[in-house]
Amino acid sequence: LVGSSPETLIRAHHGDLSARVLAGTISRGPDPASDQAAAVALATSEKDNDEHEFAVQSLLATLRPHATHVAADEVPFTLKLPNLWHLATDIEGTLSDGSTSLDLIAALHPTAAVAGTPTDVALTLIDELEPFDRGRYAGPVGWVDAAGDGEWAIALRCAQIDADGGIRAYAGCGIVAESQPEQELAESRMKFRPMVDALL
């Protein structure tokens, strides 16, 4: 599995934890003015803010049994990546139950950002509708030390290289009530670009 994920699932270090939620996406503009306009459009999009809020609230609800002082930005910020903008929210807290980073990823995975909410209902629907096995796509990737501290990302912007040399790249979108199929398809194609460019 190769890739470069922009999304931190969880980081645990000496009792402190942090995460970064990414949900809501728009293409970068070709010039500074249109690029700034794209960022503003994303920040003010009701659809993208709804999608983002689902992901943030799901993560907060999952972390609260394991931590105190869990806090998130009140308003998402726009995160600039080479070919797109994301809505982003940073979350921080203090572990209260002795959980390791492995315990936390077991509780957090899969997040609403990659599986929907409520998770059990969404996963059942994905199993019915999604015509392929995700493999390691959207799963946790990272490291853990002997103390249980670690840093884990969500395997996005990635590809699986098979033993026979075959390569399968993955991309996806958050679907909410206001989603338009044509726009979601365009977003998926945009998310493929970094991996396709790296493999050409």
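Select strands E1 (2-3) and E9 (158-161). Two bridges join E1 to E9, and the two strands run antiparallel. Strands pair here if DSSP finds at least two bridges between them. Strands (E, at least two residues) and helices (H or I, at least four) are DSSP runs, numbered from the N terminus. Now pick out Gly3: opposite Gly3 stands Cys158 in E9.

A word on what you are viewing: this is a predicted model, where local features need pLDDT of at least 70 and side-chain atom pairs count only at pLDDT 80 or more, while totals for chains, interfaces and linings use all residues. Residues are numbered from 1 along each chain as its sequence is written, and side-chain values use heavy atoms, with hydrogens and water left out.

You now have an open sheet of three strands in the order E1-E9-E10, with antiparallel pairing. E1 and E10 are the edge strands, each pairing on one side only. Strands of a sheet pair through backbone hydrogen bonds, either parallel or antiparallel.

Zoom in on E9 and E10. Four bridges hold this antiparallel pair. Ala159 stands opposite Ala169 in E10. Ile161 has Ile167 in E10 as its bridge partner. Next, follow the chain from E9 to E10. The two form a hairpin with five residues between them. In the turn, Gly165 has a positive phi of about 95°.

**Helix H6**

Select residues 181-199, which are helix H6. Where does H6 pack? H6 packs on the sheet, touching E1, E9 and E10. Contact means heavy atoms within 4.5 Å. The direction of H6 makes about 155° with that of E10. Such angles run from 0 to 180 degrees between N-to-C directions; axes are lines fitted to C-alpha atoms, for helices over the stretch in contact.

H6 has 19 residues and reaches 27 Å from its first C-alpha to its last. That is close to the 27 Å expected at 1.5 Å a residue; the expected span is 1.5 Å times one less than the number of residues.

Click on Arg193. H6 bends by about 35° there, and Pro194 follows within four residues. The bend is the angle between axes fitted to the seven residues ending at a residue and the seven starting there. Pro194 lies in H6. Is Pro194 buried, exposed or partly exposed? Pro194 is partly exposed, with a relative accessible area of 35%. Buried means under 20% relative accessible area, exposed over 50%, and partly exposed in between (1.4 Å probe, protein chains only).

Now colour the buried residues of H6: Glu184, Glu187, Ser188, Met190, Lys191 and Met195.

**Strands E2, E3 and E6**

Select E2 (8-13), E3 (16-27) and E6 (84-95). E2 and E3 run antiparallel, joined by three bridges. His13 stands opposite Asp16 in E3. Two residues lie between the strands of this hairpin. His14 has a positive phi of about 50° although it is not a glycine. His14 is exposed, with a relative accessible area of 65%.

E3 also pairs with E6, in the antiparallel sense over ten bridges. Arg20 has Asp90 in E6 as its bridge partner.

**The nonpolar core**

Select Ile10, Leu17, Leu59, Leu63, Ile91 and Leu104. Of the 28 residues in the largest nonpolar core, these touch the most other members. Such a core is a set of buried Ala, Val, Leu, Ile, Met, Phe, Trp, Tyr and Cys residues joined through side-chain atoms within 4.5 Å. Which element gives the largest share of this core? H2 does, with five residues. Another core lies apart from it, with five residues, among them Ala38, Leu42, Trp85 and Leu87.

Centre on Leu59. Leaving aside neighbours within four places in sequence, Leu59 is in contact with Ala19, Val21, Ile91 and Leu108.

**Last stops: loops**

Go to His109 and Pro110. A cis peptide bond joins them, with omega about -5°. Pro110 lies in the loop between H3 and H4. Move on to Thr117 and Pro118. The bond between them is also cis, with omega near -5°. Pro118 is in the loop between H4 and H5.

Finish at Arg157, in the loop between E8 and E9. Phi of Arg157 is near 50°, a positive value in a residue other than glycine. Arg157 is buried, with a relative accessible area of 12%.
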